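Trainee: Could you take me through the sheet in this model, with whatever packs around it? I would like one connected walk-through that I can follow on screen.

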Amino acid sequence: AARRARARTRVAAALILVAAENDRASLLRAGESVERLLLTVTRSGLQYSFLNQPIEVAELRPVLQGLALTKSPPQLLVRIGRTNETTRPAPRRQVSSVIQP
């Protein structure tokens, strides 16, 4: 998995690090920012995926924080780019199966 993530990172058009303090208000603001980011990415016809390992492994978080030169701890790493023609979009559920009138 790490080898595959590393390869995908090298060909990504962009890597976005979301950093925020660990208090509720900061995490909420970070989540709202990610929501706007992902909606904009999707509207632009781009693809995104999350690279969780550098965030979830305690020893890697400070390394990532140092590389990004941020005072706040990293919370999320997002890879953004275009997909090749053979990749199908992820299947979506019908809205009616999620939202009941």
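Mentor: Happy to! Let's begin with a term: two strands pair if DSSP finds at least two bridges between them. Keep in mind that this is a predicted model.

With that in hand, the sheet is open and built from 3 strands, in the order 1-3-2, with antiparallel pairing. Strand 1 (14–19) and strand 2 (47–50) stand at the edges with a single partner strand each, so one side of each has no neighbour in the sheet. On average, neighbouring strands are turned by 25° against each other, direction ignored.

Now look at the pairing of strand 1 with strand 3. These two run antiparallel and are joined by 6 bridges. For a landmark, find I16, which stands opposite V78 in strand 3.

Leaving out residues up to four places away in sequence, V18 touches A30, V34, P73, P74, Q75 and L76.

Next, turn to helix 4. Helix 4 (residues 60–68) lies across strand 1 and strand 3, and runs at about 65° to strand 3. The loop between helix 4 and strand 3 holds S72. Is S72 buried or exposed? S72 has a relative accessible area of 18%, and buried means under 20%, so S72 counts as buried. The side chain of S72 makes a polar contact of 2.9 Å with the side chain of E21. Again leaving out residues up to four places away in sequence, S72 touches A19, A20, E21 and Q65.

The protein chain has a mean pLDDT of 87, and 93% of its residues reach 70 or more. Confidence is highest in helix 2, at 95, and lowest in helix 1 (residues 2–11), at a mean of 78. As a rule, where pLDDT is low, the predicted coordinates should not be read in detail.

How values were computed:
Residues are numbered from 1 along each chain as its sequence is written. This is a predicted model: local features need pLDDT of at least 70, side-chain atom pairs count only at pLDDT 80 or more; totals for chains, interfaces and linings use all residues. Side-chain values use heavy atoms; hydrogens and water are left out. Contact means heavy atoms within 4.5 Å. Helices (H or I, at least four residues) and strands (E, at least two) are DSSP runs, numbered from the N terminus. Axes are lines fitted to C-alpha atoms, for helices over the stretch in contact, and angles run from 0 to 180 degrees between N-to-C directions. Buried means under 20% relative accessible area, exposed over 50%, partly exposed in between (1.4 Å probe, protein chains only). A polar contact is a pair of N or O atoms within 3.5 Å; within protein, one must be able to donate a hydrogen and the other to accept it, and residues adjacent in sequence count only if both atoms are side-chain atoms. pLDDT is the predictor's confidence in each residue, from 0 to 100.
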